[in-house]
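Dear colleague,

I am passing the structure below on to you, together with some notes on what was found in it. Please have it open while you read.

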Amino acid sequence: MLQVENLSKAFKTKAGDVHAVSDVSFAASAGEVVAIIGASGSGKSTLLSLLGLLDTPDQGSIELDGIELANLDDKGRTQYRASQVGFVFQSFNLIPNLTARENVKLVLEFSNYPHADRDARATEMLSLVGLDPEKSERRPSHLSGGEQQRVAIARAFAAQPRLILADEPTGSLDSKTGQKIVELLRNAASVEKAIVLVVTHDEKVARQADRRFEIEDGTLREIA
Amino acid sequence: MLIARDAVNTKIASVRASTGTTVTVSPAGFFGFQGGGTPLSNKQIDTLVTLPYVIAVQASLNEELQSSVTSLTSPTPPGFLGHHFGGFSSRGGFSIPVRFVGTNSPGTALVGGANGGGTEKLTSGTAFSATSTANVAVVGTSLATTNKLSVGSTFTAWGTKVTVVGIYSSGSTFADADALMPLATVQKLAGATNQVTGATVTADNLNNVTAVANEIKRLLGSAADVTSSQATISSELSPLNSVKTISTYTLFGSVIGAAIILLLSMLMIVRERRREIGVLKAIGASNRSIVTQFIAESTTFTVFGAVIGFLAGVAISSPITSALVSASSGSANVTGFVRRPDGGPSFGAGGSGFAPPGGPGNGDGHFHFGDFHNTITQIHTAAGWSTLAYALLMALVIAGASSAVASFTITRVRPADVLRSE
């Protein structure tokens, strides 16, 4: 269970303070896919950074399964990112000199996943996202965009995190491939019992989520 | 440069070690049997033993006896040089006098100390004691052969019967023509009581030779000429010291330059891989694990570079070192007599009082003229394990220094900033 209460973040600029995230509160349950839509500069990515503990909120709380995360120190935040959060980026952000399998195994290493089980877990996740086993030994540059995003999803879910943060996961893909990726996210959320938070400006993607929120000028509201 | 510096260092150490730890003292103005001056006294010599760092003082009184004063005949024919240097070219019947060396250190005298720097070895009989006052002698092989002497034989000198107690061989015609006798005996028989014509002072180690020489000069003042092998050799070593200085500065310059280049390279790599660093942090990598990865990379680069540099150094260090030494020693020349590096004390004056025998290139440990300079500038470069260890150590220092700055930059990368720019 993810519980966000009164989360706020402002940036100082020459023109004054910009409230990127303003008093945001919402909750999401395991296995649920939540879509957050909004225009560019509305605060989507900042909200994702706060939830992924890549940035610190000015105020508010983030609770995951009853544990307060907003006040963790650097070490705690790193451990949280390694074991409780999975990221899926628009531009995939796979490590270019590692194979698909090695990219997945990398997060298992960071999360101290049992060494003996890492290979099997990587195979399981790559199979779950439908990557051809032969391609699992290829480097990202030898994979298509859709295949790279499959690997990125496998990497995000590999360490069995409680929360998946997907930032425009279909933004670099054609609509057909994007559709498959959203299905994959839904399926993985269901199988792995994880909360999936998808930030997008694509209405089609948002409509496939269990719940939808719109963010505007840093303020979040649920839409039907 | 490291290899060149090591080679020059080794050469300097070897030359310094080979020149010995002795200081020669002779009456001012006296050289061999030439020149003038006033003999030194036993008392003056005795004070030298008390000086700091001095471990031994070998005193000698040298006499040349004509056939009217001794029954011995010199085995050396006068020849052209004898007539020329002896100034007897216009006279008939000239013969070389027999040299008598009175020494208070027969042990040292028989291993190359007193008698012209030879490598004398006792071939029969015994030596006399340092404090002996007996009328005994240890004679050179050729002197013994010419005069049909063996252990137990007798001859006369200064009208006194002297018994041969030992025979030595040095391999040098000059040194084998001498007779060694106790110092006190020669002083008594020659009517030169309390007189000494030379001393060889031995310092406890190479680093104290100059200090000992300076202290002797201060003590004896203008009464004595004091020369040390180290002082003599220092001017010859100055080109090598210059090369050592040049190579040291170049080495440090290279290390600093390499560190700066690697530092900038690492900063560039970190900058280029900023996104990767941000992503790694986002997916759970700690600063420590990322920094470790970059340090491993920079260390690998540096060690790889060090190995290539080492191999290149092995290949080109010899010509570079030779060129540096040649350039630095172009104007240096040797004057006077110097001893070969495998010998003992340098310069003939002092302890033995003998002019240097032997010819160039015979490698017998005797004095040679002029060829020493070539010996010094002939440097063989070799890269040993210690050089390799230094090279690797420097490589690691460079890698460490550059990695430290790169690491600091890595820790400051904020994944939110990197990912926000998507």
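Predicted model: local features only at pLDDT ≥ 70, side-chain atom pairs only at ≥ 80, totals over all residues.

Residues are numbered from 1 along each chain as its sequence is written, chains are lettered from A and ligands numbered from 1 in the order in which they are written, and side-chain values use heavy atoms, with hydrogens and water left out.

Is A:N103 buried or exposed? A:N103 counts as buried because its relative accessible area is 0%, where buried means under 20%, exposed over 50% and partly exposed in between (1.4 Å probe, protein chains only). Apart from its neighbours within four places in sequence, A:N103 is in contact (heavy atoms within 4.5 Å) with A:L94, A:I95, A:L98, A:P140, A:V151 and A:R155.

**Chain A as a whole**

Chain A has 7 helices and 10 strands, and of its 224 residues 54% count as buried. Among the contacts in chain A with a separation of 6 or more, 72% come from residues 24 or more positions apart.

Four of the strands form an open sheet in chain A, in the order β2-β1-β4-β5 and with antiparallel pairing; its edge strands are β2 (16-28) and β5 (67-68), each of which pairs on one side only. Two strands are said to pair if DSSP finds at least two bridges between them, and strand β4 (residues 59-64) is joined to β5(A) by 2 bridges. One bridge partner in β5(A) is A:I67, which is paired with A:L64.

**The second largest pocket**

The second largest pocket is lined by 37 residues, of which A:T78, B:G284, B:A285, B:S286 and B:N287 lie nearest its centre. Its lining has 12 nonpolar, 13 polar and 12 charged residues (Ala, Val, Leu, Ile, Met, Phe, Trp, Tyr, Cys and Pro count as nonpolar, Asp, Glu, Lys and Arg as charged, and the others, Gly among them, as polar). A pocket here is an open set of points on a 1 Å grid over the protein atoms alone, where a 1.4 Å probe fits, with protein on both sides within 12 Å along at least five of seven lines, and lining residues have an atom within 4 Å of a point.
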